[in-house]
Amino acid sequence: MITKKVTVKDSHIVKIAVERENHIAQLINLDQRHPLASKIQDICNGWGISDHQNYALQFCESNNQKYVTEKNRNEIKNGSVLQLQYSPSKTASDAMEVLLNGSPQEKALRLKDLTALSTDHTFALEFIKEKGLDTLIKMIEDVGQTNEDILKYSLASFVELMEHGTVSWEVPENSFVLRNIEIVRNFQKYPTNCGESALSNLENIVQCSSKHVLVAEDIKLQDILRLLQEVNSPVMRQNAIALLNALFMKADEGRRRTIAHTISAKQFRLALIGNGLGTEMTHQLYVLQTLTLGLLEKRMRMKMNPQDQDAHEKIKELRRIAFDDHTNALNQSDDHIRRGGGGSGAGNVNFSQYYKKLGFKCDINPAQDFIETPPGVLALDCMFYFARNYTQQYAKIVRENSCRADEHECPFGRTSIELVKVLCDILRIGEPPAEQSGDFQPMFFTHDSPFEEFFCICVITLNRTWKDMRATAEDFSTTFSVVREQIQRTLKGRPENLEDFRNKIALLTYQQITALRQQERTSKEECDSTASAIVKLKEKISPHILELIKQQRLSFLVEGTRFAKYSRGTRTKDKFWYARLSPNHKVIHYGDCDEKTIPTLEELPKKLPISEIKQLLEGKECPHMKEARTRKSAVNLAFSITFENMEHSTLDFVAPDESIFNYWTDGINALLGQPMVSKQKNEDFDTLLSMEIKLRLLDTEGVDISKDPPPIPEDPENYDFCFEG
């Protein structure tokens with residue numbers, strides 16, 4: 001009998017294989033419009049299984065073993081291979097039976113399986129419904145447990161179950177919190193995985209539970225220091241720093257300053273940045289950097305109080321250190337010369353000349369210079385630190401500028417106050433940490449007073465740049481734009497320590513900055529010529545430039561990108577997935593990955609044919625960002641792909657940065673035949689067009705190209721031309 005071949009034209013039907021252990025696979029057509037339960041019943045009937053309600057389909061890729069549900073069934077594509085397994089409710093029930101009545105060896109094996117199963121949201125809900133979470137908590141709290149595997153896998157399973165966010169962190173009792181604290185404090189006695197899970201639990205408890213006070217009281221900073229010094233596990237180290245960050249954010253100001261003071265000690269600093277820096281570790285250190293520098297915000301936003309004697313003494317000390325030889329005699333009779341008033345030098349005519357030489361705008365009462373916020377009294381703190389710790393350089397800068405007879409003196413007071421304001425802006429002091437990695441600078445973990453030392457290096461650079469530019473008071477803004485660029489360019493190189501920063505910024509002189517600016521301006525400037533010949537040349541080569549940009553975007557998509565996973569608009573820690581375009585530009589391959597490896601096309605199990613893409617959504621239009629309570633930056637980096645035939649399914653992305661966002665959105669638009677509209681595309685187009693025009697016009701250098709074509713010359717008197725050979 002010859003079976004007639006039927007061509008399936010319905011796009012809702014996918015051809016798949018369903019496997020079952022020790023059975024021959026079934027090849028079936030799955031109609032996505034029909035309920036899954038009825039199809040599972042048909043599959044069970046094919047194998048003679050009567051209790052079909054206890055079975056479910058499951059993906060069987062190495063990095064995707066989720067149960068197939070009505071919500072995720074759209075992930076099934078033509079050629080997918082699924083497995084028939086016990087349903088989540090049946091599996092959860094069987095697991096509970098073993099956990100309650102099995103032998104230690106059986107419990108350990110079942111818990112190991114449970115660790116993987118718990119990542120599936122459907123199974124997690126069923127297991128929690130069976131009171132599995134309570135059972136795990138009891139197993140973790142059992143201090144008499146001698147089987148390390150049981151503790152290790154029960155902790156790991158608990159972490160995975162809580163990641164789904166369906167159970168409040170208020171549920172675990174104090175005994176559970178204390179048990180995790182005990183594991184962390186005695187980490188040498190337990191497997192590394194136990195410490196990793198316990199630290200993760202404590203971090204979440206601090207962030208999301210009222211029991212954070214218990215953690216803050218029982219976890220000492222020395223415990224975290226000892227752990228960082230002795231542990232080599234990157235995951236355990238980053239979890240320890242994440243816990244430290246959580247404790248920092250929950251603490252009051254006094255406790256925050258205590259933490260900051262403790263971690264500024266050399267042994268703590270070395271432990272923090274030692275043993276390599278992965279992506280997540282760098283992010284946690286960036287958060288810690290932002291939090292510690294954030295303690296400067298109070299001083300940055302504080303105006304100088306006329307009654308603040310300590311601040312007045314600092315101002316007087318700045319004068320004494322700079323002009324010690326000149327004011328010694330005056331200092332001895334300071335109290336007699338003063339004519340009342342509350343400010344430093346207020347009414348003190350004898351000292352106003354020295355405050356003027358120091359570069360204060362208000363030489364009669366320099367305290368007035370510290371009213372503007374930012375930088376407030378933080379500027380005075382930095383100036384005083386520089387004068388005390390770099391006395392010779394401070395005195396040299398002040399005296400060199402105060403003794404100049406021309407108009408090129410650099411006013412130390414005014415420029416230092418502005419410099420602190422610039423530094424606070426560059427380091428974003430007072431702003432919360434970004435959700436993405438942000439700008440981690442290792443050098444801020446190499447000194448007890450990193451910001452003050454940073455200021456000292458920058459103020460010396462400022463004075464040198466002022467002299468190189470031969471600047472005057474009128475060039476104040478221009479000079480600071482150069483200094484800001486010097487600092488930012490040096491920070492982009494992520495110097496390892498402050499000495500490295502000092503050496504690198506010393507190479508970025510004003511002349512070097514000018515050369516770099518000219519080079520960048522030349523490479524980016526638009527062709528200003530409006531000559532008709534140039535306009536026509538632009539029109540001629542523009543399609544070629546656009547094609548170059550398109551091919552670059554598609555090549556970038558072929559190389560692929562690692563994206564962080566987001567759940568309910570919030571970034572999921574240590575969870576990544578990878579997406580890349582096939583070399584023939586017809587399919588997007590994607591799937592889960594780890595932090596370091598770059599998967600090949602074969603290792604990415606999921607496929608999205610370009611022909612099935614309906615449209616590209618960006619920003620708040622994306623389904624995963626409509627109700628997200630996340631930072632605006634994450635929303636701006638979000639985009640989604642909708643499918644042509646599956647209205648309720650999207651592939652959702654959050655790009656690591658703006659550049660990758662532009663490349664992917666441009667690439668997808670190019671694949672869909674839509675124009676590329678990103679800001680980056682416009683910049684690339686202008687740059688490439690400008691370069692191409694200049695290259696083609698090299699032979700005309702020095703020739704004046706008129707806006708209009710040259711006039712046609714008049715006819716000659718006759719055409720009797722004579723050519724002599």
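Is K131 buried or exposed? K131 is exposed, with a relative accessible area of 56%. Here buried means under 20% relative accessible area, exposed means over 50%, and partly exposed lies in between (1.4 Å probe, protein chains only).

The model is predicted: local features need pLDDT of at least 70, side-chain atom pairs count only at pLDDT 80 or more, and totals for chains, interfaces and linings use all residues. Residues are numbered from 1 along each chain as its sequence is written, and side-chain values use heavy atoms, with hydrogens and water left out.

**View 1. The whole protein holds 30 helices and 11 strands.** Helices (H or I, at least four residues) and strands (E, at least two) are DSSP runs, numbered from the N terminus. Of the 725 residues, 48% count as buried. The protein exposes about 37400 Å², and carbon and sulfur atoms supply 49% of that area. Accessible areas come from the Shrake-Rupley method with a 1.4 Å probe; for residues, only the protein chains shown count as cover. Contact means heavy atoms within 4.5 Å. Among contacts between residues at least 6 apart in sequence, 66% join residues at least 24 apart.

**View 2. K131 and R494 have positive phi values.** Most residues other than glycine have a negative phi, and most peptide bonds are trans. K131 sits in the loop between α4 (121–129) and α5 (132–141). Its phi is near 65°. R494 belongs to the loop between α24 (476–492) and α25 (498–507). Phi of R494 is near 50°. R494 is partly exposed, with a relative accessible area of 38%.

**View 3. Cis peptide bonds join T373 to P374 and P374 to P375.** For T373 and P374, omega is about -20°. For P374 and P375, omega is about 15°. P374 lies in the loop between α19 (349–357) and α20. P375 is placed in the loop between α19 and α20 as well.

**View 4. Helix α20 carries the buried F384.** The helix spans residues 378–389. F384 has a relative accessible area of 17%, so it counts as buried. Leaving aside its neighbours within four places in sequence, F384 is in contact with K314, E317 and L318. The C-alpha atoms of F384 and Y394 are separated by 9.8 Å; these residues are 10 apart along the chain.

**View 5. Helix α20 crosses helix α23 (residues 450–469) at roughly 75°.** Two packed helices are described by the angle between their axes and the distance between the axes. Axes are lines fitted to C-alpha atoms, for helices over the stretch in contact, and angles run from 0 to 180 degrees between N-to-C directions. The axes of α20 and α23 come within 9 Å. The two helices are therefore roughly perpendicular. Angles under 35 degrees count as roughly parallel, over 145 as roughly antiparallel, 65 to 115 as roughly perpendicular and the rest as oblique. From α20 come L378, C382, M383, Y385 and F386; they meet F451, E452, E453, F455, C456, V459 and I460 of α23. The contact residues divide into 10 nonpolar, no polar and 2 charged. Ala, Val, Leu, Ile, Met, Phe, Trp, Tyr, Cys and Pro count as nonpolar; Asp, Glu, Lys and Arg count as charged; the others, Gly among them, count as polar.

**View 6. An open sheet has the strand order β5-β6-β7-β8.** Its 4 strands pair antiparallel. Two strands pair if DSSP finds at least two bridges between them. The edge strands are β5 (561–567) and β8, each pairing on one side only. Neighbouring strands are turned by 35° against each other on average, direction ignored. Between β5 and β6 (residues 570–581) there are 6 bridges. F563 stands opposite W577 of β6. Strand β7 (residues 587–593) pairs with β8 over 4 bridges. H589 has K607 of β8 as its bridge partner.

**View 7. Helix α29 lies across β9, β10 and β11.** These 3 strands form an open sheet in that order, with antiparallel pairing. β9 (613–618) and β11 (650–654) stand at the edges with a single partner strand each, so one side of each has no neighbour in the sheet. β10 (residues 638–643) and β11 pair over 5 bridges. T642 is bridged to T650 in β11. α29 runs at about 20° to β10.
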